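Please open the model in your viewer and keep the selection panel at hand.

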Amino acid sequence: MICLFKDKSECCGCSACAAVCPHNAIAMKADTNGFLYPEINGDLCVECGLCQKVCAFKNGYQAFDYQKKVYAAKNKSTAARKGSSSGGAFPLIAEKFIENGGVVFGAAFDSELKLRHIAAHTKQELAPIYKSKYLQSDLGDTFKEIKELLDSGKPCLFSGTGCQVQGLREFLRKDYPNLFTVDIVCHGVANPKIFEDYKKMMSERFSSKIKSIDFRAKKIYGQTQDMQVVFENSKSYCEFPDIDVYKILYSNNLSIRSSCFECKFANTDRTGDITLGDFWASRAIGGFDDKKGVSLVMINSEKGEKLFSQINSRLSEVEVELEKALQPNLKAPTKKPDAYECFQCEYADKGFEYVCKKYARRSLKYKAMRRAKTTVKRLLKRK
Ligand SMILES: Cc1cc2nc3c(=O)[nH]c(=O)nc-3n(C[C@H](O)[C@H](O)[C@H](O)COP(=O)(O)OP(=O)(O)OC[C@H]3O[C@@H](n4cnc5c(N)ncnc54)[C@H](O)[C@@H]3O)c2cc1C
Ligand code: SF4
Ligand code: SF4
Ligand code: SF4
């Protein structure tokens, strides 16, 4: 019997194995936390071993042979920057790709606020792909859909986490001149079940169905990491990342997939033609950082260079040395917190409310101080 992984930390859920199986013997099934893992149907499997061959998480992968270029970049449109997570580099790349007759694939919420990869054929269809969503996206049949389009000669741009991009490459098993890829610097994806619990808690609290969620609302006091939830009854919630429970559990790495602590893509051997992230090293770029979001753009291949050359007139950019642009997840995977296993057991046994109280509660005093500090900072800035 074929074994794809012994421990869950050995599988990132990229779905390459399921997509490649010629006998459709693998289905991606949700575990009790909602994370997808491949499950082999022994009746259909002929033990050809192809699924094991395409597992980059186990076998490693070939990095691009290219002299990387690294930039700090800002979309010249402030509105576009507001509508994206960092400097708005992705919207420019995606729009240009559509203008050139291509199809763009990326992570978007559906009407039930489940995160899935979708295809955008027009600029209007791009909007839901923009902005970071801090949980794992379901790839569904995206890889197969992309292969069909590529075979028909259509240019395709796939964007996703490093493991998803490499999963697509492994599944395709050859280089297509009409395939372009963008991977994001990634510190981990959160537990989809916790996201469902969070949505339920918020719906109950505001007595309404949720209309939209923004993990990176650039709203309160010009910050970029606030959590914003808008409800169908027109109420809305916007909270600091160190007060919102979902954000606290995510940023403390308690809710992320166990394989993310073993991530094989947390380095500078990027899997996408272009890598995007937040530009963290403000000091390296001085006054260029206006606190409205700056993208880290890494050009990793000739295709990446070609894409970038088509958009750089709509960006302000500064070239920087790779060493100066490094941040933790470009050097090593996220470190597993000591409380991780305990958190998982308590979440399974006692539920969401219990772990929120134990691991993410902030006192009224903390909240008041946080708000006061930010108001003072804002007033000082205005002077
Ligand atoms: C789970 C996650 C963790 C991240 N961790 C870091 C980090 O540690 N350091 C860092 O510098 N940057 C991180 N980022 C990337 C960063 O937040 C921005 O997405 C990136 O800088 C691009 O921003 P943008 O302004 O150019 O465009 P945006 O419009 O914000 O770009 C959105 C892009 O992200 C993709 N995307 C969004 N959510 C997901 C998802 N859940 N799964 C797969 N693809 C997704 C979309 O397909 C699209 O390509 C992370 C993003 C995600 C989704
Ligand atoms: S060994 Fe072959 S047939 Fe069996 S699950 Fe893997 S790819 Fe499918
Ligand atoms: S190919 Fe991807 S989904 Fe399949 S076992 Fe490997 S990591 Fe998991
Ligand atoms: S941290 Fe690594 S393994 Fe986890 S989702 Fe991101 S790229 Fe994939």
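This is a predicted model: local features need pLDDT of at least 70, side-chain atom pairs count only at pLDDT 80 or more; totals for chains, interfaces and linings use all residues.

Residues are numbered from 1 along each chain as its sequence is written, chains are lettered from A and ligands numbered from 1 in the order in which they are written, and side-chain values use heavy atoms, with hydrogens and water left out.

Now hide the ligand and look at the space it takes, which is the largest cavity. A cavity is a set of points, on a 1 Å grid over the protein atoms alone, where a 1.4 Å probe fits but cannot get out, and its lining residues have an atom within 4 Å of a point; a molecule sits in a cavity if more than half of its atoms lie within 2 Å of its grid points. This cavity holds about 200 Å³ of space, the volume being that filled by probe spheres set on the points, which are joined across faces, edges and corners.

Of the 23 residues lining the largest cavity, select Thr-161, Cys-163, Cys-186, Cys-260 and Cys-263, which lie nearest its centre. By class, the lining comprises 12 nonpolar, 9 polar and 2 charged residues. Colour helix α7 (residues 162-172) next, since with 3 residues helix α7 gives the most to this lining; helices (H or I, at least four residues) and strands (E, at least two) are DSSP runs, numbered from the N terminus.

Move on to the second largest cavity, with a volume of about 110 Å³. Its lining has 15 residues, and Cys-11, Cys-14, Cys-17, Pro-38 and Cys-55 are the closest to its centre.

Finally, show the open sheet, in which 8 strands of mixed pairing follow the order β5-β4-β6-β7-β11-β12-β3-β13; two strands pair if DSSP finds at least two bridges between them. At the edges, β5 (115-120) and β13 (315-319) each pair on one side only. Zoom in on β4 (residues 103-109) and β6 (residues 156-161), which pair in the parallel sense over 3 bridges, and there find Val-103, whose bridge partner in β6 is Cys-156.

Definitions and conventions. On a 1 Å grid over the protein atoms alone, a cavity is a set of points where a 1.4 Å probe fits but cannot get out, and a pocket is an open set with protein on both sides within 12 Å along at least five of seven lines; lining residues have an atom within 4 Å of a point. Ala, Val, Leu, Ile, Met, Phe, Trp, Tyr, Cys and Pro count as nonpolar, Asp, Glu, Lys and Arg as charged, and the others, Gly among them, as polar.
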